[in-house]
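Let's take a walk through this structure together, one piece at a time. Have the sequence and the 3D view at hand.

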Amino acid sequence: MVTTMKHEPVDVLIIGAGASGAAIAWSLLETRMRILCLEQGTHLPDADFPSRRPDYELARYGEFSCDPNIRQLAQDYPINVDDSCIAPVNWNGVGGSTINFLGHWPRMKPSDFRTRSLDGVAEDWPVDYATLEPFYAMNDRNTGVSGLSGNPAYPDYAPELPPIPLGQLGQTLAKGFNQLGWHWWPSDVAILSKDQDGRQKCVNAGTCDLGCAAGAKGGTNFTYWPMLERAGVELRTGSRVREILIDPATGMATGVLYHGADGQLHRQQAEMVILACNGIGTPRLLLNSDTERNPDGLANSSGMVGRNLMFHPLTGVSGVFDQPMKGHEGPMACSILSQEFYESDPSRDFVRGYGLHSGRSTTPMTFALGGYGIDRPIPWGAAHREIMDDIYPNIASLTVVAEDLPDQENRVTLDPDLTDSDGIPAPKISYRLGENTRRMLKHGEARAAEALRAAGAHTILSKNDDAVWWRAGWHQMGTCRMGNDPENSVVNGWGRSHDVKNLFIVDGSIFVTAGAVNPTSTIQALALYIGDRIKTNIATLFD
Amino acid sequence: MLTTRQTETLSLILNDVIPPSADGHVPGAGNAGVASFLQQATPYDPDPARVVLTVIETVLEIADDFSSQSPQDRIDVIIRVQAQHPQIFERFLRLTYMGYYSQAELRPLFGVAAEPVHPSGYPVPSESSRMMADLTAPVRARGAVYRPADG
């Protein structure tokens, strides 16, 4: 017989200590409600991040891989990716995927929230850029953002810290974009260019994906969590939620059942449950919380839980230059960003658009193994020597980051056989690339090659043979989308479940569209906005 | 545990997979001691011992006199191994590259610091305000390029 341990009820139970869970906890601090966060992973001290070890690069392919199916740590759950051309990647632990994200921090744009009205595709969001703008700014202050004000690709705003160095690589590419008359701008980054709040500025180590031992990168382990713990938010690590409990009489959430670090099954009661488990973990938990009354999963009267999964499909082009590009020096993904092809243009054979991101920090091992997110070792033998001696040092790359349109057939379901170490059914991903995205990527590859040539590259190398990067499912969005219509959305315009009035979702699963930018800045701005709405509506919150 | 013959064969294979530079300044993978990494590579492959043994045994099946062959003949043998066992050989390549490029003493030969990158990192100077203004001037001159919410 399984023993269930009970705990004192809390006011707010947040599931997941990553980007969105931390942000909404901070937003709710002023309510003085009792807040508990359950996190399935551990709170890894920064001294344990691999970049202080001599063999730090190996960690990328073992215990610090971005792919949970490779890491297979106790806190990870497997993901069936047999039916997908992109493998989701993540980190499970305090900080969530901000532990191993690359800190690129562009905002979504005004048009991203209005794709139905402007372009006739997908759906409009129930919130807009102007509404989120103050929450972007609030989140930037809490995170520490470096960048250059005056970017003509956005309504005016000013990053607090000066940009991180462009370096030889960024300067070279910028001149190429200027040659073509195309937009580019120093990347906004959640990486400190100056010491701030006891955190060290970036030392250009190029190991952003290995945890940032300097604390320069704005993972919530360095930003929100120190504030939250000082303020008394309880963080229970090693706590994996099995299901959300529902009162059959009222249909309201009463709390959760979770497997604790002690190996026991625990029952935690709460007045309000907030899901912050990312675009795969959140639908997985809702689908695992099915009951007689909710046979298709909790909060799923619309049938949209798990559907409309969006990634940012990536491809890349490299140019070989006459001089060293020093690509391993500096933050991994962040130097410059071109949004010349971001907005829809009727002259193209696709709608919406993409960004061209300059990548850095390709170390010899990563390069030899095919590049970050790609599993295809470079040739061996004499060709290997030639590539490493003559091409590797002089290479600069552009990554095409494409907007993915929602498609109901791209989805998260539960695998009938696969489970995690607690026996909880694991997610299965079904994902294929849409024709619009294929055209967009093809266009992007050609423009990237053009930019590299204009910057002085004498040789262009395509790394992918028309395939998108495999291990590149960083951005998991859309699987519990927000909307005003309960028949085709899971949560309302401020993150509350249409079906369960005291259940909120704040992670990337509530995105309606994906934009073509890294989503963390928007995920956290949205979480702060939802926190604000909860506070504003507190008297009638569950009506 | 490999036999002496297997060990010698593996070293030759490794030096053919990542050969030394022409001037000998950069060692090949065999001389760099990658074989010892392969013995303890379990965090990076489900069964590295099987991968290594399969490659060695297939090489010796194809060419019992592998160690006395000319460099070009050895390359031809390895190409045949790759064709016979493409997945195993790719795993072998991955492990070889990991074992080679993770060696601290080799990293500086490719422009990367030998020591762990934290806490020192790399000195990358910030662009001056003047330089940044000059670089971004053409972009600013074009004006806004985003689409407003009302189209």
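Predicted model: local features only at pLDDT ≥ 70, side-chain atom pairs only at ≥ 80, totals over all residues.

Let's begin in chain A, with an open sheet of 6 strands, ordered E5-E11-E12-E13-E10-E16 and paired in the antiparallel sense. At its edges you'll find strand E5 (185-186) and strand E16 (459-462) of chain A, each of which pairs on one side only. Now look at E12 (residues 354-359) and E13 (residues 395-402) of chain A, an antiparallel pair joined over 6 bridges.

Helix H11 (residues 435-454) of chain A touches E10 (314-320), E12, E13 and E16 of chain A, and its direction makes about 155° with that of E13(A). Then there's helix H6 (residues 167-180) of chain A, which lies across E11 (336-338), E12 and E13 of chain A and runs at about 25° to E11(A).

Next up is another open sheet, with 3 strands in the order E4-E15-E14 of chain A and mixed pairing. Strand E4 (80-84) and strand E14 (411-419) of chain A each have a single partner strand, so one side of each has no neighbour in the sheet. On average, neighbouring strands here are turned by 30° against each other, ignoring direction. Lying across E14 and E15 of chain A is helix H8 (residues 278-288) of chain A, at about 65° to E14(A).

What about the inside? The largest nonpolar core has 203 residues, and those with the most contacts inside it include Leu13(A), Ile14(A), Val273(A) and Ile274(A). Setting aside neighbours within four places in sequence, Val273(A) is in contact with Leu13(A), Ile244(A), Ala253(A), Val256(A), Asn502(A) and Leu503(A).

Finally, hop over to chain B. Here helix H1 (residues 4-17) and helix H4 (residues 71-84) of chain B pack at about 90°, with their axes 10 Å apart, so H1(B) is roughly perpendicular to H4(B). Which residues make the contact? From H1(B) come Leu12(B), Ile13(B) and Asp16(B), and from H4(B) come Arg74(B), Ile75(B) and Ile78(B). Of the residues in this contact of H1(B) with H4(B), 4 are nonpolar, 2 are charged and none is polar.

Methods:
Residues numbered from 1 in each chain as written. Chains lettered and ligands numbered in written order. Pairing = 2+ DSSP bridges. Helix = DSSP H or I, 4+ residues; strand = E, 2+ residues; numbered from the N terminus. Axes fitted to C-alpha atoms, helices over the stretch in contact; angles between N-to-C directions. Contact = placed C-beta atoms within 7 Å. Parallel < 35°, antiparallel > 145°, perpendicular 65-115°, else oblique. Nonpolar A, V, L, I, M, F, W, Y, C, P; charged D, E, K, R; others polar. Core = buried A, V, L, I, M, F, W, Y, C linked by C-beta atoms within 7 Å. Buried ≥ 20, exposed ≤ 12 C-beta atoms within 10 Å, placed from the backbone.
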